[in-house]
Amino acid sequence: MTATTTAPVRPAPGRPRQETRPPKKSASWDDVPRWQIYVPFGVYLLFTLIPFYWMLLFAFRPTGSTSLAPWPLTFEHFDKVWNERAFATFFQNSLLVGVASMVMTTVVALAGGYALARFNFCVKRAFMLALLCSQFIPGALMLVPLFEIFANLKMINSLGSVIIAETVFQLPLTMILISGFIRNVPPSLEEAAWVDGCGRFRAFCAVVLPLLRPGLVAVGSFAFVHSWNHFLFALMFLSDQSKQTIPVGLATLMGADSVDLGALAAGGVVAALPVVLVFAFIQKWLVTGFSAGAVKG
């Protein structure tokens with residue numbers, strides 16, 4: 001047997017030899033040093049939590065104390081605002097306004113968002129533009145006409161006026177958000193339910209509504225928080241102390257000549273606690289993607 005040798009392949013004359021280079025590695029978060037991530041976030045977290053610490057410090061620190069630690073703990077400020085300053089009544093009123101406006105906003109926006117997502121009509125683009133433009137109108141500009149409307153309806157000094165006003169001002173953005181959630185649901189799922197004998201409403205309740213749960217929880221929670229924190233409508237439409245809400249109640253703790261910092265801090269803790277609990281409950285819905293795992297392939 002004779003061994004055969006193969007000559008090396010040479011590049012053609014006049015053509016430079018091309019060297020193969022390894023592909024560049026794309027940058028990722030794994031390549032960033034951990035201190036470059038933790039230090040900015042730590043500074044931001046410290047900057048955010050300092051006001052909350054001072055609020056808790058004044059709320060739990062005895063009157064006249066200058067200590068930087070809330071020790072010994074005292075609940076005298078909470079007892080004062082809850083019993084003497086009628087914060088129990090303010091809390092109930094704010095809870096009623098927040099829950100009622102959340103339910104009304106979500107139900108109405110769900111119907112309007114479904115119409116925007118599933119139907120085509122001649123003024124759809126103009127209607128969407130009107131919804132977007134309405135977000136540029138501050139609520140203060142509408143106080144006078146709203147006051148006249150509610151006065152003619154005999155609804156001044158009634159929680160119903162605040163609930164209606166909050167619902168109306170939250171509807172445009174809520175309707176746009178829900179219409180975007182519904183567009184992410186394939187229409188073929190509804191069509192399959194129609195083939196099985198379901199009507200449009202039953203198919204919506206059985207197929208679309210369960211997939212909208214994360215979006216509805218997020219939209220409803222934001223509507224509740226907005227109504228809970230809103231000050232202007234409750235100040236203008238409610239005159240009796242028994243009808244006022246927590247934001248107006250906090251304003252009554254600040255006098256013309258002096259401010260009770262302990263009572264004001266305790267009232268701030270009472271006002272912030274429901275909001276913190278709401279977001280602690282819904283964070284899993286916000287982190288979980290919309291309809292994660294519901295529609296595959």
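1. The protein exposes about 19,500 Å², and carbon and sulfur atoms supply 67% of that area, where accessible areas come from the Shrake-Rupley method with a 1.4 Å probe and, for residues, only the protein chains shown count as cover. This is a predicted model, in which local features need pLDDT of at least 70 and side-chain atom pairs count only at pLDDT 80 or more, while totals for chains, interfaces and linings use all residues. Residues are numbered from 1 along each chain as its sequence is written, and side-chain values use heavy atoms, with hydrogens and water left out.

2. On the overall fold, the protein has 12 helices and zero strands (helices being DSSP runs of H or I with at least four residues, strands runs of E with at least two, numbered from the N terminus). Of the 297 residues, 33% are buried, that is, under 20% relative accessible area, with exposed meaning over 50% and partly exposed in between (1.4 Å probe, protein chains only). Among contacts (heavy atoms within 4.5 Å) between residues at least 6 apart in sequence, 73% join residues at least 24 apart.

3. On one helix pair, the axes of helix 8 (residues 200-211) and helix 9 (residues 213-229) come within 4 Å and cross at roughly 65°; axes are lines fitted to C-alpha atoms, for helices over the stretch in contact, and angles run from 0 to 180 degrees between N-to-C directions. Helix 8 contributes Leu-209, Pro-210 and Leu-211 to the contact, and helix 9 contributes Arg-213, Pro-214 and Leu-216. These residues divide into five nonpolar, no polar and one charged (Ala, Val, Leu, Ile, Met, Phe, Trp, Tyr, Cys and Pro count as nonpolar, Asp, Glu, Lys and Arg as charged, and the others, Gly among them, as polar).

4. On a loop residue, Pro-72 sits between helix 1 (34-60) and helix 2 (76-84) and counts as partly exposed because its relative accessibility is 49%. Leaving aside residues up to four places away in sequence, Pro-72 touches Phe-60 and Pro-62; the C-alpha atoms of Pro-72 and Pro-62, 10 residues apart along the chain, are separated by 7.4 Å.

5. On the largest pocket, 23 residues form the lining, and Gln-135, Val-168, Phe-169, Gln-170 and Pro-172 lie nearest its centre (a pocket is an open set of points on a 1 Å grid over the protein atoms alone, where a 1.4 Å probe fits, with protein on both sides within 12 Å along at least five of seven lines, and lining residues have an atom within 4 Å of a point). Helix 6 gives the most to this lining, with nine residues, and by class the lining has 16 nonpolar, seven polar and no charged residues.
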